[in-house]
Amino acid sequence: MSAIEKFQEVSANRHQYAKDWKERTGGKIIGWLCTYAPVEIMYAAGMLPVRILGTHEVQDVTDRYLFPTVCPFSRDALAQGLKGRYDYLDGLTMARTCSHVQGTFDNWRNYVPTPFVYYIWFPCHIRSSRAKPCLTGEFVDFKQALEKFTGKSISQDDLDKSIELYNTNRRLMKQIYEFRKSDEPPITGGEAMEMVVASQLMDVVEHNKLLEQLLEELPNRRLERDIGLRLMMVGSEMDDIVFVRMMEELGCTVVIDEHCTGSRYFWDEVIPEEDRLAAIAGRYVERWPCPAIGGNLEDRPNRVLEHALDWNVQGVLLYQQKFCDPHEFDIPVLQKMFREHDIPTLVLEFDVTIPFGQFRTRIEAFLEMAEIEVL
Amino acid sequence: MTTQVKYKSKPLDCWQWGKELRLEAYQDLIAGHEQGKLMVLGCAATPYGILAGLGDFVFLAGEPYGASIAADPPFSIPCMEAYEAKGYSRDMCGYMRNFVGSMYLDKYYFTGGPFPKFDFAWSVRHCPAGHPKWHQIVSEYQGFPMNYIDDETMLSADGDPEHRIEYVAGQYIDSIEWMEKVTGRTFDDEKAIEAMRNYFRNEALWGEVSLLNGAVPAPLDIKSMFALMPIAMLRRHEKVATQFLETLKDEMKDRIANQIAAVPTERYRMTMLTPPPWSFLKIFRYLENFGVVFVGTYVYLINSGEVKFLLDEDKVIPATVPEERPGWPQIKNREDLCRTVARWRTEHPFQSHLDTRKKEFVIIFHHWNGDAYLLLLNRGCVPMTTSMYDFQRDLQQHGIPVAMFEGNFADCRDIDETGVLDRLEAFLEGQGIQKLQGF
């Protein structure tokens, strides 16, 4: 089985993977809700960190808890808990970022029985020199809570191993993203997304092995398809692989992305320090920022543009989860920035389910227009 | 409910003084800059008394300005449209859309003249939907510097809050140094301490005044409270606000002792959790025809004011100021001030977590002798509305009748007035409350 097929299999059967992992290792599983949750500490505690994602299905279980103007991703994620699909979780955590996913967390805590629930207070003023010491303190408390829950102390060695494994994971995924710079990328955007989604679901050791396998496969891999327009996807949480496949069938290839099931999740590594928790805190404070982290209108666009240029992007899909104010703030800024660089953009707003036909028509029209501009 | 008492009623004696103080605040927003005062943009929840360390200042809080515009649809609609024309979405914060649209149109609501030019913005990230981003749009458009404090230490955080207090206090200290740099002024610790002492005092006073409305009949109705609130919200750092709020408190006690009602036909008392739909304030006057009096809203009890919830005793009492609390230090210098503000913010009910808040909703309801809650499913503010259904269910489980309606507190295009009134009339009918005859 190729690495990509394995990623697809894990992504499609995520709950079975987690249950199998639990059975074969005897370890505990902790769900997390936002990419600011420190997977390094959870893994060092001997737990499997699993991101809680939605399924893009129509559901009617969250309206009792969350107002419909809460973002679709947050509602979809809560629906999974309410339907009992994560009944194998031993714990749940998130780091403070936005009020939408906060709603998911609060309601999960109250209405989805989970043995260990921990809310990490994240200092959102990431430009302040006070943020890292604060987060270090929060991580000390989180580590202690995990130790108490698992009955296992987390040693320096555990943290070092975990940091190294996740840094390796990030490095390997970045190497794979480098292949996407080529004129003939050997991996589609949908496949790359499945790789990153799988990284949020799998044991990092196993994921690293698959990444190494993929790195061996890619030099000889040829896609039997026209590359079409080189596209970048920029936006909020996105794991709708069916949508990405549909889009790529219309005459484009997603060569780079900037969202939290893509580069924004894994791009930055932990820089080693004597105080391991401070090192991890440094990574989360200085990582590629989510727009929900306050007051960073320019930090994010600069990095987005750098990647668009490095990956020779010819068009950009700007998308957002409906009702996500932080991303809505950024969209006009990003549109203006791309316009100044003659890169056309299309804006789409995502709900739990999407109007496939309408989106298809809009994307086709965008690709036609963008190709005229590019050529 | 066939019998109806008619209470005595009269306007507040201090009403005219309140109007004058409110007008002064608005005039200062218009003329203050020309008088050499610093013009600062921020949030209503910013502890802006600290700015007094830089000298005289005018503070424009974004939310009340957005609310003022929202209450005036002919002014508000072009603001909304100007905002949306820049590519921003219609589902974003309603206050912000009014505010930023007013800036794009270069029309200041209080004069119709040009929109003010700020010296700097000093924001707080108490709203995860992005107040700093709101202020960053303004600062980039006008070209002035901005800084912000992340002080939302609330929610369901586990672990030791001390990290957060240190972090917030540190940001205040850093931002004072930053303000000195961007204004070229030297910060006077004493002046800031004095202004913040007023600020704490006035918050506690507004909380106390609000709690007095638990009396039957209510000495104040919610619409009058909204009219007086700018004093508590915009002049919290001033001694004159203390004098006014003390006077108001005394007058309310007098009204309580003499059974003087805000609404003479009071027979059904309703409370709210959120701000009202500002373009639709007539809802309160209309419901007086049914003998309904709105006695308070939780949000302004803990946003413009401060109270102390005793959760174990199911009680709410007036708050004391930090320096009078057991174990709290006297404020002697800048560091003390910043740490006190940080600690005060952390323990303030404004920061209550969802589950704590649910208990507080029930406590204040009973304190106010409420008969029902009116909940607004507010399309204009996500943080206020996220868990409203959960709140509704919890209140109902406590035996509290709940009426709900959906709309937008700051966008008149997004509320169905007739539909809301129909719904409320039906709710009241279900509660045995008919329109009054002969009053």
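**Helices and a chain contact in a predicted model**

Helix α7 of chain B (residues 189-212) has 24 residues and reaches 35 Å from its first C-alpha to its last, close to the 34 Å expected at 1.5 Å a residue (1.5 Å times one less than the number of residues). Helices here are DSSP runs of H or I with at least four residues, and strands are runs of E with at least two, numbered from the N terminus. This is a predicted model, in which local features need pLDDT of at least 70, side-chain atom pairs count only at pLDDT 80 or more, and totals for chains, interfaces and linings use all residues. Residues are numbered from 1 along each chain as its sequence is written, and chains are lettered from A in the order in which they are written.

**Burial of α7(B)**
- Of the 24 residues of α7(B), 19 are buried, so the helix is largely enclosed by the rest of the structure (buried: 20 or more other C-beta atoms within 10 Å of the residue's own, with C-beta atoms placed from the backbone).

**Packing of α6(A) and α12(A)**
- α6(A) and α12(A) (residues 276-286) pack at an angle of about 125°, with their axes 8 Å apart; axes are lines fitted to C-alpha atoms over the stretch in contact, and angles run from 0 to 180 degrees between N-to-C directions.

**Chain A against chain B**
- The contact takes 43 residues from chain A and 40 residues from chain B (contact: C-beta atoms, placed from the backbone, within 7 Å).
- α5 (99-111), β4 (116-120), α6 (131-150) and α14 (325-340) of chain A each give two or more residues to the side that touches chain B.

Terms used
Contact = placed C-beta atoms within 7 Å. Buried ≥ 20, exposed ≤ 12 C-beta atoms within 10 Å, placed from the backbone.
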